[in-house]
Amino acid sequence: MTELNADSLAPAPARSMWRELGDAIRGTEADYTRIGMRRAVFLLAVPMMLELVMEATFAVVDIYFVGKLGASAVATVGLTETYLFLLYAIGIGMATAVTAIVARRVGEKKKHEAGLAAVQAIYIALLISLPFACAGIFYARELLALMGADTWSLEQGYKYTQWMLGGNAVIVLLFVINAVYRGAGDAAIAMRVLWIANGINILLDPILIFGLGPIPALGVEGAAIATNIGRGVGVLMQLWILFRGGKHIRALGSQLVWDTKVALNIVRTSLGGIGQMIVAMTSWIFLMRILADVGSEAVAGATIAVRIMMFTLMPAWGLSNAAATLVGQNLGAGQAQRAESSVWLIGLYNMVFLLGVSVVYFVYPRELMALFTADPAVIAIGGEWLRILSYSYFVYGWWMVSMQAFNGAGDTATPTKINLVFFWLIQIPLCWYLAVPLDWRHSGVFWGVFITETSVGLFTLWLFSRGGWKTREV
C-alpha cells in the first residue's frame, strides 16, 4: 500500500513520457494488477481515449456533412438514432458485462477462459442484431412515423434508417469485440480498429453523400452506407486479430462451439448493463418525441448539440473505461483497495478535463453550433443546450467513472436501479412538465436534463464510496 501511494503521488520522469506514450499506443504485455497505478492508468487510458476520440470525430464529421442537406435530413438522423440508442443500449450493456468477465478472468490468470468468453459474446451479439435488422429493413417508414418524422423523412430519409438498422450487426460486434480487448488490457488493439473503421467512414461520407465522378450523390442514405462499410471492415480486422492472438487474449478454433454455461453467465451479467442503458436510452427517446412536437429545428438543434457533447465526452469515457478494466482485473487478483484507488485517481483526471470543456461550452455555444449548420433557429436551440450543460458538466466526469467502477466489478444491477429512478421516474415527467404544461418548450427539456443528470452523478458517486461493489462475484 505504501508503494501504491508513493506511485500515485510521484510524477513520472519526463524522459520516460514519450516512451510510455509509445508503449500505450503500441500495446504492452504489462500486468495491470502489479505495475504502478499511474502507469497502469496511462497505458490503458491513452488508447481508450484515442479510440473514443475517433468515434466522436466520426459522429461530428458525419453530422457536418448531413447538416449540408438541411434540417429534415439532420432530423432523420436524430430520429433514427432514437432506435439505434436501443441497440446501443443492448450492445453497450452487453459490452459492459464482457469487459467485466474478461477482465476478471485475466486478473485470475485464466486466459483460456477469457478467450472462450469472447467467442460466446460474438455469438450472442449476432443473435441480438437479428430483430433490429428485420425491423429496419421492412418497417423503416413506420418507425420514423411513430417518432413524428416530417414528410421529407418519410418519403426520402427512410433509406438511411433501413441501412443503419439493417446493418446493425457491425455496430454490435464492434462494441462487443472491442470490449473483449479492453477487458483483457489490449486497449491499443481496440483503438487501432476503431481508427481504421471510422477513418474509412470519414473518407466515404462526402463521396457517397454528395457524389464524385461516376459515383452518384446518395444524400443522407450515403452516410449510412459509409458507416456500414467502415464498421464492417473494422469487425473483420477485430476477428483476424482475435484469432491470431493479441498481447493479452486469444481465441482458438477449438473454442468455436456454443458453451451454454459461459453464454448464460454473460447474459446474466449483461442484464444489468443492458437494463441501465435501456433505461437511459429510452428516456432519450421520450425526450426526442417531446422535441419532435416542438418542431424539426428543435430536433436538429438537439441532435447537433448531442454530437458535440459526444465529441467532448469521449476522452472522458476513455478514462472511465480504463477504470472498468482496472477494477475488474484488480478484483480478480484480490486487490480491492488498489481497484478503489484507481477510481478516485481517474475521477480526478476526468473532473479537471470536463471543467475545461465547460468553459468552452459557456463562452462559445453558438460558435460551436455554427460549425455544423447555418440555420439560426437550430443554432439558437443547440447553443442554449450547450450553455446549460456547461453549468455542471464536470459532475459527468465523476458519474462516468463511478458507474464504470460498478460495471467493471460486475455489479451492473446497481446502476440499473439508479437509472430507473432518475431517468424514468424523474427525468421524463419533469421534462414533459417543464416543456408542455409550463410551455418552456425545448428549454424545458434541456433544464429537466440538467437537473436529473446532475443529481444522478452526485448520487452514484456517493453510493460508490460505500464500497459494496468490492464483494461482487462474476
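A cavity is a set of grid points where a 1.4 Å probe fits but cannot get out. The model on display is predicted, and by this rule it holds four cavities of 30 Å³ or more.

**Stop 1: the second largest cavity**

Select Asp-23, Ala-24, Gly-27, Thr-28, Tyr-32, Leu-43, Pro-47, Gly-185, Ala-187 and Ala-188, which line the second largest cavity. Helix H2 (17–26), helix H3 (37–67) and helix H8 (187–210) are the elements that give two or more residues to this lining. The space inside the second largest cavity is about 40 Å³. Sorted by class, its lining consists of six nonpolar, three polar and one charged residues.

**Stop 2: Asp-23**

Next, select Asp-23, a residue of helix H2. Is Asp-23 buried or exposed? Its relative accessibility is 17%, and buried means under 20%, so Asp-23 counts as buried. Leaving out residues up to four places away in sequence, Asp-23 touches Thr-28, Arg-39 and Leu-43.

**Stop 3: Asn-198**

Move to helix H8 and select Asn-198. Asn-198 counts as buried because its relative accessibility is 0%. Which residues does Asn-198 touch, not counting those up to four places away in sequence? They are Met-54, Glu-55, Phe-58 and Arg-231.

**Stop 4: the largest nonpolar core**

The largest nonpolar core contains 149 residues. Select Val-98, Ile-249, Ile-266, Tyr-361, Trp-385 and Tyr-393, the residues with the most contacts inside this core. Helix H4 (residues 71–107) supplies the largest share of the core, 18 residues. Then centre the view on Trp-385: apart from neighbours within four places in sequence, Trp-385 is in contact with Trp-284, Ala-302, Ala-305, Val-306, Phe-446 and Val-449.

**Stop 5: two loop residues**

Select Lys-109 in the loop between H4 and helix H5 (111–146). Lys-109 is not a glycine, although its phi is positive, about 65 degrees.

Finally, select Arg-441, which lies in the loop between helix H16 (413–435) and helix H17 (442–465). The phi of Arg-441 is near 55 degrees, a positive value in a residue other than glycine. Because its relative accessibility is 40%, Arg-441 counts as partly exposed.

Methods
Residues are numbered from 1 along each chain as its sequence is written. This is a predicted model: local features need pLDDT of at least 70, side-chain atom pairs count only at pLDDT 80 or more; totals for chains, interfaces and linings use all residues. Side-chain values use heavy atoms; hydrogens and water are left out. A nonpolar core is a set of buried Ala, Val, Leu, Ile, Met, Phe, Trp, Tyr and Cys residues joined through side-chain atoms within 4.5 Å. Buried means under 20% relative accessible area, exposed over 50%, partly exposed in between (1.4 Å probe, protein chains only). Helices (H or I, at least four residues) and strands (E, at least two) are DSSP runs, numbered from the N terminus. Contact means heavy atoms within 4.5 Å. On a 1 Å grid over the protein atoms alone, a cavity is a set of points where a 1.4 Å probe fits but cannot get out, and a pocket is an open set with protein on both sides within 12 Å along at least five of seven lines; lining residues have an atom within 4 Å of a point. Grid points are joined across faces, edges and corners, and a volume is the space filled by probe spheres set on the points. Ala, Val, Leu, Ile, Met, Phe, Trp, Tyr, Cys and Pro count as nonpolar, Asp, Glu, Lys and Arg as charged, and the others, Gly among them, as polar.
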